[in-house]
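Please look over the sequence and the structure shown here, and then read on for a guided account of them.

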Amino acid sequence: MPLGEAAARSSAPSEPARLGVRLFVEGRCEGTSAFAFRAAHALLDALGRSGSLQGAAERLSISYRSAWGQLDALEQALGRPVVVKTKGHGTDLTAFGTALLALLAASQTRLAPALAAEELALTDGLRRLLEPADARIRLAASHDPLLLEAIEARRDIDLMVAGSLDALARLRDGTVDAAGFHYGSDGPPPPPFDVVFANHDLTVVPLFRREQGLMLAAGNPLKLETIADVAARQARFVNRQRGAGTRIWFERLCAEAGLAPEAIIGHHTEEFTHQAVAALIATGAADVGMGTRAVAERFSLAYRPLGWENYFLAARTSLSAARLASFYEDLRGRARGASGYAPPRGDP
């Protein structure tokens, strides 16, 4: 499910849900034939995963005829085939279709934080008119695919994707009820994260551990192993936005290597999610960036681990722990079975 839809989900069942209201922002591409941005991305992604149009239709819970109609509209609009049918082997994306999927994925992940914020604002406004203010949990959190999966399975959390420091700022000013954040590598929290753990008005809980590393072009053609290699070989780096936990970790690694971030080509190039960084590398627009092992594997990138970190949730003490208990347990269960993830230390 797209991130924007996750932001628009309602609790069990809210007044907007009973009225059948779903608020989200949709983009369209106009050509010889028009097609919806998200629908095209979802269709190509499902085709790439299933290897058949029938399988893609089943993944999207639409009819084969509808899937074929969407595909035809897409190809008519672009004037190029995006799939090729092979007898006995199903339907595969053409080279153009594969490149288009990567381009749509990159655009979708860049737009996701802004769209999610706008959709959350729309949904908040409607909810204030129709249901009690405390019916849902408002969460701002640093981007993580495992976290998104867990939230998509729930109906009581509104998510706004934000960098770690931005998420904590929103918690501090009362915009949200909880904030997900990380600061990179094991060990005591560095400033300014240390004040979060000392704040008696907040409860801070480790949700899971995850591995981060260098995401690299398939085959690692530049033979990059460390941050120092990135500078020495003038590789094109994709950074995260200011305030992101991954960027803070990257800058700390630069300092440990005796490098100024300015020594890295592309350190001013900013993306808001791990997927957006990976998509740029996969399409050849960049050589390297920091991200999780799971995202690197999703985009078939080479990967060199840099270390493990804890991902935390800070919540107001006024927020009932019982409301979050099942969320914590679900996330830790998912972390046990996901590549590059683990439950917090001490968890069975």
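**A walk through the predicted model**

Gln234 is exposed, with a relative accessible area of 58%, where exposed means over 50%, buried under 20% and partly exposed in between, for a 1.4 Å probe and protein chains only. Gln234 is placed in the loop between helix 10 and strand 9, helices (H or I, at least four residues) and strands (E, at least two) being DSSP runs numbered from the N terminus. Although Gln234 is not a glycine, its phi is positive, at about 50°.

The model is predicted, so that local features need pLDDT of at least 70 and side-chain atom pairs count only at pLDDT 80 or more, while totals for chains, interfaces and linings use all residues. Residues are numbered from 1 along each chain as its sequence is written, and side-chain values use heavy atoms, with hydrogens and water left out.

Lys223, in the loop between strand 8 and helix 10 (227-232), is not a glycine either, yet has a positive phi of about 55°, and Lys223 counts as exposed at 53% relative accessibility. Ser61, which follows helix 4, has a positive phi near 60°, and the buried residues of helix 4 itself are Leu53, Gly55, Ala56 and Ala57. In the loop between strand 7 (178-181) and helix 9 (194-198) lies Pro192, and the peptide bond that leads from Pro191 to Pro192 is cis, with omega near 5°.

We turn now to the interior. In soluble globular proteins, nonpolar side chains tend to be buried together. A nonpolar core is here a set of buried Ala, Val, Leu, Ile, Met, Phe, Trp, Tyr and Cys residues joined through side-chain atoms within 4.5 Å. The largest such core has 25 residues, of which Leu139, Leu147, Leu207, Phe208, Leu324, Phe327 and Leu331 touch the most other members. At least two residues of this core come from each of strand 5 (137-141), helix 7 (145-152), strand 6 (157-161), strand 8 (202-216), strand 12 (302-316) and helix 14 (321-337). If neighbours within four places in sequence are left aside, Leu147 is in contact with Ala141, Ser142, Leu207, Tyr311, Phe327 and Leu331, contact meaning heavy atoms within 4.5 Å. There is also a second, separate core of 17 residues, which includes Ala40, Leu74, Val82 and Val83.

Which residue's side chain forms a polar contact with the side chain of Asp158? Asp158, in strand 6, counts as buried because its relative accessibility is 0%, and its side chain is joined to that of Arg136 by a polar contact of 2.4 Å. A polar contact is a pair of N or O atoms within 3.5 Å; within protein, one must be able to donate a hydrogen and the other to accept it, and residues adjacent in sequence count only if both atoms are side-chain atoms.

A polar atom of the Thr109 side chain lies 2.9 Å from the backbone oxygen of Ala105, and one lies 3.4 Å from the backbone nitrogen of Ala276. Beyond its neighbours within four places in sequence, Thr109 is in contact with Thr273, Gln275 and Ala276.

On a 1 Å grid over the protein atoms alone, a cavity is a set of points where a 1.4 Å probe fits but cannot get out, a pocket is an open set with protein on both sides within 12 Å along at least five of seven lines, and lining residues have an atom within 4 Å of a point. Grid points are joined across faces, edges and corners, and a volume is the space filled by probe spheres set on the points.

The largest pocket has a volume of about 1,400 Å³, and of the 40 residues that line this pocket, His41, Asp45, Arg49, Gln275 and Arg298 are the closest to its centre. Helix 6 gives the most to the lining of the largest pocket, with nine residues.

A search of the whole structure finds one cavity of 30 Å³ or more, and the largest cavity has a volume of about 30 Å³. Its lining consists of Phe237, Val238, Asn239, Arg240, Thr246, Arg247, Phe250 and Met290, and strand 9 gives the most to this lining, with four residues.
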